[in-house]
Amino acid sequence: SATAPWAFTKLMREVISHLRKLGARTSGYIDDVLLAEARRRRLQAFVLGTVHPLLASLGLVVNTTKSMTEPQQVAKYLGMLVDTVHGQLKLPEAKRQVIIAKVQEALAKASNCPPLLLQQVTGHIMAARWSFGPLSRLMCMSIYEDLNRDPKAPGVQLSARAIQDLHFWSEAVHRWDGLRRFSPLSDPRTVVLRTDAAGVDAESRYLGGWGAWTTSLTPDGARQVARGDWGPGESALSSTWQELKAINNAVRSFDRATPEGLRGRVLHVYTDNQGVMSDINRAGSPTPIVHQQCRELWWFCIHRDIRLKASWIPREENELADFYSKLEDSGDWQLNPNIFQQVQRMWGEFDVDLFASHTNRQLDRYYSLYWDPHCLGVDAFAHGWPAQPAKPAWCHPPKGQIARALQHARDGKAHMGFLCPVSPGAVWWHLVACGASKFQPWVRKVWRLKPWPTPVRAGVTIRKKSPDGTRYMVLLLDFSVTEGSIDATPIL
């Protein structure tokens, strides 16, 4: 192969380096050079007084017919339109039409598409990645999968996913052109996020879920934590999938942590998995289920104008995220959902689950101890609880928080369903009962649960799963009532 382009690039690298030392903002590729400056006259003076004399002294001749003699804010460079007003790289209209024509031709031949045509489609799209950003790889992986299914076949029958992605490109060329923007060297609004995940060990013992933390969301630098547990089957998937899912969950969780969310922010994710770092920065993976996680993560960020990047850190520098991923939640207990539904049929629907997580919640609206992708907020005590005439809340606090929960509900005159042990000797018992035979006036209904089948069951983080034999009861509380009482006889 010819060595002239390689040699010329090596020589021009020194020229570009010298110009940068003189304060120029410049980029060069072989014999194409781009210079940028905020002030028009200063740029003109620099080009005429420094750049041209320097090139002439080196024996290089400027092709004035192909060069821009006047500074412009939208200029063609390396086949792209550089828009310094909006900070975008865009495709010329002719290149857009080439991509659209190739995509439509491939769709017309979906049942037996020539491999060369598919290679042209993906080649044009990948060549435009400076404009489309992560979409170029995200939305072409299914086409690559079809191409690699039988490399020697004269024709390719496109899969449903590949056809779907081709339809995307037929409509997306104009909509997403210029998606990738110029990134500043430093951004005070950068959110730094550290994540980790734990699955199962070699003996299929559950080790944990996912965890993440950041100090970038509040002016005082307070630590915000997101964590959760795996759903059915997720704990046995690959570590790469789990790490990406952890990042997916963490980004969605912290997007809920402030009123403005992460919109418009630079998000810098630190992970101790080098494969995950690569998959995020390249915007894709050859493994389908991992690639799907990449797509979900990137689309979430694209729709919220979040600029995402990932870096690797050693495991010993990620110990806090590892701790949260393996944290055992002592309050991870849940009333049997069938019993909960029976309670709602008897007493009416509840509005919000006050002490829950995304794996043990009884309702779609819930507060959690840590941020997760679906919770209304963290720390139920920091929020107002429903009072009459609103729908009641559902309250199943950890045993160590029962007294505080009852006092908080009493102070706010809350209306709620309340699950607690039958424990006359407990320090909080006086808040629900008057001695052994009467309940307080705000206890409107009582249901003592039978011990079998086990009414309360352990969540996935509880290592000891065996029931403790505790008797439970469900109370309907209305702390706006202060007079009267009911018998302690169970209604069922």
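Me: Skipping close neighbours within four places in sequence, what is Leu135 in contact with?
Reply: Leu135 is in contact with Phe168, Trp169, Trp176, Leu179, Trp299 and Ile302. Contact means heavy atoms within 4.5 Å. This is a predicted model, where local features need pLDDT of at least 70 and side-chain atom pairs count only at pLDDT 80 or more, while totals for chains, interfaces and linings use all residues. Residues are numbered from 1 along each chain as its sequence is written, and side-chain values use heavy atoms, leaving out hydrogens and water.
Me: Which residues touch the most other members of the largest nonpolar core?
Reply: Phe132, Leu135, Trp169, Phe254 and Ile280 do, out of 70 residues. A nonpolar core is a set of buried (under 20% relative accessible area, 1.4 Å probe, protein chains only) Ala, Val, Leu, Ile, Met, Phe, Trp, Tyr and Cys residues joined through side-chain atoms within 4.5 Å. Helix α11 (residues 288–303) gives this core its largest share, eight residues. Helices here are DSSP runs of H or I, at least four residues, numbered from the N terminus.
Me: New topic: what order do the strands take in the open sheet of three?
Reply: The order is β3-β4-β5, paired antiparallel. Strands are DSSP runs of E, at least two residues, and two of them pair if DSSP finds at least two bridges between them.

Notes. Buried means under 20% relative accessible area, exposed over 50%, partly exposed in between (1.4 Å probe, protein chains only).
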